[in-house]
Amino acid sequence: CKDKDDPDTQPQNQSPSVSLIKPEEGVAYEIVGADTTFAIEANATDSDGSISKVEFYINGTKIGEDNTA
């Protein structure tokens with residue numbers, strides 16, 4: 001008999017999948033000041049759960065997030 005609380009019998013959580021749509025691969029932006037803006041768009045899915053938000057980072061610094069579908 002398997003114990004329902006045994007971690008070995010529980011389904012493993014799968015990592016979400018995220019792909020950047022914008023900026024397109026190979027596109028570079030020169031950030032010249034705090035007023036520099038550009039579009040970031042991502043597609044995120046989770047095969048065994050849901051996505052509540054996607055956070056965007058540049059060199060470890062959070063630059064924004066999106067919590068809309």
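## Aromatic pair, salt-bridge network and surface patch

At a relative accessibility of 43%, Tyr-29 counts as partly exposed. The model it belongs to is predicted.

Tyr-29 takes part in the 1 aromatic pair that the structure holds. Its partner is Phe-38, and the ring centres lie 4.9 Å apart. The ring planes meet at 15°, so the pair is stacked. The cut-off for stacking is under 30 degrees between planes. Phe-38 has a relative accessible area of 26%, so this residue is also partly exposed.

**Overall build**

The protein has 0 helices and 4 strands. Read from the N terminus, the order of elements is β-β-β-β. Of the 69 residues in the protein, 6% are buried. Contacts were also sorted by sequence separation. Among those with a separation of 6 or more, 29% join residues 24 or more positions apart. The accessible surface comes to about 6,100 Å². Carbon and sulfur atoms account for 47% of that surface.

**Nonpolar patch**

Together with Val-27, Ile-31, Ile-58 and Ile-63, Tyr-29 makes a nonpolar surface patch of about 430 Å². Ile-63 sits in strand 4, which spans residues 61–66. At 41% relative accessibility, Ile-63 is partly exposed. A patch residue needs over 30% relative accessible area. Ile-63 has 41%, so this residue passes that cut-off. Tyr-29, at 43%, passes the cut-off as well.

**Salt bridges**

How many salt bridges does a search of the whole structure find? The search finds 4. Side chains of opposite charge can pair when their charged atoms come close.

| Lys-53 | Glu-55 | 3.4 Å |

The bridge between Glu-65 and Lys-53 links distant parts of the chain. Glu-65 is in strand 4, while Lys-53 is in the loop between strand 2 and strand 3. The two residues are 12 residues apart.

Lys-53 has 40% and is partly exposed. Glu-55 has 33% and is partly exposed. Glu-65 has 39% and is partly exposed. Lys-62 has 39% and is partly exposed. Salt bridges that share partners join Lys-53, Glu-55, Lys-62 and Glu-65 into one network.

Asp-46 lies in the loop between strand 2 (41–45) and strand 3 (54–58). Is Asp-46 buried or exposed? Asp-46 is buried, yet has no salt bridge. The nearest side chain of opposite charge belongs to Lys-53, 14 Å away. A salt bridge requires the nitrogen and the carboxyl oxygen to be within 4 Å.

Notes. Residues are numbered from 1 along each chain as its sequence is written. This is a predicted model: local features need pLDDT of at least 70, side-chain atom pairs count only at pLDDT 80 or more; totals for chains, interfaces and linings use all residues. Side-chain values use heavy atoms; hydrogens and water are left out. Rings of Phe, Tyr and Trp (its six-membered ring) pair if their centres lie within 6.5 Å; planes under 30 degrees apart count as stacked, over 60 as edge-to-face and the rest as tilted. Buried means under 20% relative accessible area, exposed over 50%, partly exposed in between (1.4 Å probe, protein chains only). Contact means heavy atoms within 4.5 Å. Accessible areas come from the Shrake-Rupley method with a 1.4 Å probe; for residues, only the protein chains shown count as cover. Patches are made of residues with over 30% relative accessible area and no salt bridge: like charges are joined within 9 Å, nonpolar side chains (Val, Leu, Ile, Met, Phe, Trp, Tyr) within 5 Å. Lys and Arg count as positive and Asp and Glu as negative; His and the chain ends are not counted.
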